[in-house]
Amino acid sequence: MAVPQLILSVLVLILSSSLFLLPYSCNAQSLKSCNFDGIYLLGDSISDTGNFIRESVIGAFSPFARLPYGETYFKKATGRCSNGLLIIDFIAISAGLPLLNPIKDTSADFTHGANFAVAGSTALSVEALASAGIPSPVTRSSLDVQVDWMSTHFNSICQTDCANKLRNSLFFVGEIGANDYNYALMAAKTIPELFNMVPNIVEVIINAVKRVISFGATKVIVPGTFPVGCFAATLSTLPIPIPGAFDQNQCLVPLNQFATYYNSYLQNSIEELRKQFPNAIILYGDYYNAYEEIFKYRIGPDATSILKACCGVGGEYNYSPLGMCGLPGVPVCSDPDQHISWDGIHLTQKAYKIMADYLIQDILPKLQCSA
C-alpha cells in the first residue's frame, strides 16, 4: 500500500528538523545488584519501543514501522528508531529484566515495567506550544499525557498499594524536551528564543518527576539532552556557520553550548528537587557525556565519517529531507557499527551500547544498591 502523500509530507517535515530476556553481552557494571522488579519510562523517540507506530495512522505508515529499522538485532521493525537496541534496552538487560514493552501494545506483558515513550513527543503540551506559535505535528502524546497513561496503568495494577509494588522499580523521566526545541526551530524561532524556553520545559519535567514519586517511585533517573551539534540532521540542515564553529569532533559549538546550558539548568532543578524528596533517589542521566564517550572508541575511520548517517542519502552527512532512512531507494551502509548516527536523527545500536555502558557505570554507585 502506498503511503498517503500527506502522511509522507508530515514525516519529511518533522524528521528533517528533529533531531523475554535477550542474549546480548554487557561489559559495563551490572544493575542486577539492584534487584529491580521493573522499569518504567517516559520519553520520546530515543526510548520509544513501539508506541508511536501503534497510536496513529502517521506512526503506522512511518519508516519506523518497517525495515531497515530494527534490521541488526530484531531482523524486523519494532517501532524503535534505530537499527537495533536502544539505551533503555541495554539498561533492562543489565538489570536482568525483559525488554520494556510499549504501553500501546495491548497484548503485551507488563509484569516487569512498561514503556510510555512516544517518538516525536514533547515536554510541553501541544496547547502550550501552540500558544507560543510552535506546532507539534507528530503526536499529541506529550509528557503530561504519558504521565496520565502511567497513572491509569498503575490504577489498574496496584490501586492503593502502588508504593509497595513500585519501591523496587527504576523510573526514567526522559530523555524528553528535544522535540520542543526542534519544532521551535521549524517555526523560525531564534536561538535566544530557545534559551527562553528552557525554564518552562524543565519545570514540566520536574513536575512529571513529582507525579512519578507520588505514584511510589523511589529511584528516578532524569536524563539530560545530547550534544545536538553532533547530529547529522543538524549539521546538514543548519546554515554553514562561521569558521571556528566546529569543535575537535566536528560538532557545532553553538548548539552544543545550548545543550550544555539546558543540562546545567536541569541539573540545578534536580538538586532542588532532592531537597523536597529526601527519601527518593533522583539522579541526573548524563546523556551528553555518555555521547562524548563514543568518540573515544573511534568506531569509524575518522571523525567526519562516523557522524554521517548510516541510513540515508544526500549532502556531506548522508541526510536530506528527501533521502531519509526508510524511504524507497534510500541506501543503508554495510556496517552500522562504523557510525554513530543511524538515520541522521537517532543513533546506531553500537552507539547506544557505548552510551548505556557509560550511564550504568555512572549511576550504579549513586543508586545505593546492595553489592
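1. Ground rules. This is a predicted model, so to speak: local features need pLDDT of at least 70, side-chain atom pairs count only at pLDDT 80 or more, and totals for chains, interfaces and linings use all residues. Residues are numbered from 1 along each chain as its sequence is written, and side-chain values use heavy atoms, with hydrogens and water left out.

2. Overall picture. The protein has 14 helices and five strands; these are DSSP runs numbered from the N terminus, helices being H or I with at least four residues and strands E with at least two. Of the 371 residues, 58% are buried, where buried means under 20% relative accessible area (1.4 Å probe, protein chains only). The accessible surface is about 14,900 Å², and 54% of that belongs to carbon and sulfur atoms; the areas come from the Shrake-Rupley method with a 1.4 Å probe.

3. Helix α4. Eight of the eight residues of α4 (residues 87-94) are buried, so the helix is largely enclosed by the rest of the structure. Contact here means heavy atoms within 4.5 Å. After α4 comes Gly96, with a positive phi near 75°.

4. The sheet. Five strands make an open sheet in the order β2-β1-β3-β4-β5, with parallel pairing; two strands pair if DSSP finds at least two bridges between them. β2 and β5 (281-285) are at the edges with a single partner strand each, so one side of each has no neighbour in the sheet. From one strand to the next, the twist averages 20°.

5. Strand β3. Five of its five residues are buried: Ser169, Phe171 and Val173 point one way, Leu170 and Phe172 the other. Five bridges join β3 to β1, and two join β3 to β4 (residues 219-223). Phe171 stands opposite Tyr40 on one hand and has Val220 as its bridge partner in β4. For Phe172, the β4 partner is Ile221.

6. Helices on the sheet. α4 lies across β1, β2 and β3, running at about 165° to β1. Helix α11 (residues 253-276) also packs on the sheet, touching β4 and β5, and its direction makes about 175° with that of β5. Axes are lines fitted to C-alpha atoms (for helices, over the stretch in contact), and angles run from 0 to 180 degrees between N-to-C directions.

Terms used
Buried means under 20% relative accessible area, exposed over 50%, partly exposed in between (1.4 Å probe, protein chains only).
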